[in-house]
Amino acid sequence: MARPEQVLLLEPQHELKFRGPFSDVVTTNLKLSNPTDRNVCFKVKTTAPRRYCVRPNSGIIDAGTSINVSVMLQPFDYDPNEKSKHKFMVQSVLAPPDMTDMEGVWKEAKPDELMDSKLRCVFDMPVENEKTHDMESNKMMSSSLLKSDSSTLPAKSMSSTLDDGEVKKIMEECKRLQMEAQRLREENKQIREDDGLRMRKSNVMSSQHSSIGMKKDEGLSARTMLLIVLFFVVGVIVGKLVL
């Protein structure tokens with residue numbers, strides 16, 4: 001029984017071209033478009049799964065939308081005399097309206113419901129003066145793809161990569177730093193209070209010394225006046241006795 005015609009539009013349609021040099025990861029893009037009014041499940045398969053990394057390699061394309069699939073060829077020793085026999089297949093099936101499990105859809109799909117498109121791989125080695133530029137371009141593209149791929153991971157999977165011991169150490173260090181800061185604040189406050197107390201004591205002692213000095217001066221003045229009066233009285237009495 002003939003399979004139904006592929007509803008997805010592929011770009012490119014027939015071949016995936018990889019441009020060398022192949023000493024680093026080489027990436028090419030495959031665009032899948034869904035022009036229908038129904039959601040479509042898809043899978044991307046290859047005859048050489050160890051040689052390629054595909055992101056995403058399966059999923060759902062909503063009605064009237066498209067998706068870009070990145071196909072990354074792993075580094076290998078290129079032989080210009082060897083023709084590539086690698087092939088890719090894009091398999092698709094219309095998603096049921098009440099779909100809850102995509103894997104269940106593939107398991108329950110009948111052969112006459114499956115659609116597929118095949119693409120062959122082509123390796124193209126540039127001339128010598130273009131190798132350096134293409135190598136840098138491939139590195140930048142691969143790096144950006146890996147970053148974007150990791151940034152789309154669910155929060156749960158991202159958090160699972162954290163080591164529990166490291167998280168606990170970080171929390172304990174934060175707590176220790178908070179306690180240290182509180183202790184320093186309290187010490188600073190105590191130092192300010194001690195300084196104020198010493199200043200107040202110094203002021204009190206200065207005022208007390210001033211009072212004592214004033215009292216001493218007053219005492220000396222009183223004694224001096226008393227001696228003067230005493231000498232005056234003695235002088236008067238002596239004068240009367242002489243006369």
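Modeller: Gladly! Let us start with one cut-off: a residue is called buried when its relative accessible area is under 20%, and exposed when that area is over 50%. Please keep in mind that this is a predicted model.

Colleague: Why is V69 called buried?

Modeller: V69 has 0% relative accessibility, and the cut-off is under 20%, so V69 counts as buried. This residue sits in strand β7.

Colleague: Which residues does V69 touch, not counting those up to four places away in sequence?

Modeller: V69 touches T28, N29, L30, L32, F42, V44, V54, R55 and P56. Contact here means heavy atoms within 4.5 Å. As for K31, its C-alpha atom is separated from that of V69 by 6.1 Å, with the two residues 38 apart along the chain.

Colleague: And G59, why does that count as buried?

Modeller: The relative accessibility of G59 is 14%, which is under 20%, so the buried label applies to G59. You will find G59 in strand β6, residues 58-61. Leaving aside neighbours within four places in sequence, G59 is in contact with V40, C41, F42 and M102. The C-alpha atoms of G59 and V44 are separated by 9.4 Å, and these two residues are 15 apart along the chain.

Colleague: How much of the chain is made up of buried residues?

Modeller: Buried residues make up 23% of the 243 residues.

Colleague: What makes up the secondary structure of the chain?

Modeller: There are four helices and nine strands. From the N terminus on, the order is β-β-β-β-β-β-β-β-α-β-α-α-α.

Colleague: How do you know that β4 and β8 pair?

Modeller: Two strands pair if there are at least two bridges between them, and β4 (residues 40-46) and β8 have seven, so they pair.

Colleague: What about β8 and β9, in which sense do they pair?

Modeller: Also in the antiparallel sense, here over six bridges. S92 has M115 in β9 as its bridge partner.

Colleague: And how many bridges join β2 to β9?

Modeller: Five bridges join β2 to β9, and these strands run parallel. F18 stands opposite F123 in β9.

Colleague: Which residues of β2 form its covered face, and which its uncovered one?

Modeller: L16 and F18 form the covered face, while E15, K17 and R19 form the uncovered one.

Colleague: What makes a set of residues a nonpolar core, and which residues have the most contacts inside the largest one?

Modeller: The largest has 24 residues, and F18 and Y52 have the most contacts inside it. β2 (15-19), β3 (26-33), β4, β5 (52-55), β7 (66-73), β8 and β9 each supply at least two residues of this core. Beyond neighbours within four places in sequence, Y52 has contacts that include F18, V71, F88 and F123.

Colleague: Which residues does the second core include?

Modeller: That separate core has eight residues, including C41, V93, A109 and L114.

Colleague: What is the volume of the largest pocket?

Modeller: Its volume is about 240 Å³. Of the 13 residues that line this pocket, L94, P96, V105, E108 and E113 are the closest to its centre.

Colleague: Which element gives the most to that lining?

Modeller: α1 gives the most, with three residues. β8 (87-94) and α1 (102-108) each supply at least two residues of the lining.

Colleague: How does the lining divide into nonpolar, polar and charged residues?

Modeller: Six are nonpolar, two are polar and five are charged.

Colleague: One last topic: which peptide bonds are cis?

Modeller: Two to look at are these. The bond from E11 to P12 is cis, with omega near 5°, and P12 lies in the loop between β1 (9-11) and β2. The bond from R55 to P56 is also cis, with omega near -15°, and P56 is in the loop between β5 and β6.

Definitions and conventions:
Residues numbered from 1 in each chain as written. Predicted model: local features only at pLDDT ≥ 70, side-chain atom pairs only at ≥ 80, totals over all residues. Heavy atoms only, no water. 1 Å grid on protein atoms, 1.4 Å probe; cavity = no way out; pocket = protein on both sides within 12 Å on 5 of 7 lines; lining within 4 Å. Points joined across faces, edges and corners; volume = space filled by probe spheres on them. Nonpolar A, V, L, I, M, F, W, Y, C, P; charged D, E, K, R; others polar. Core = buried A, V, L, I, M, F, W, Y, C linked by side-chain atoms within 4.5 Å. Buried < 20%, exposed > 50% of the residue type's maximum accessible area, 1.4 Å probe, protein only.
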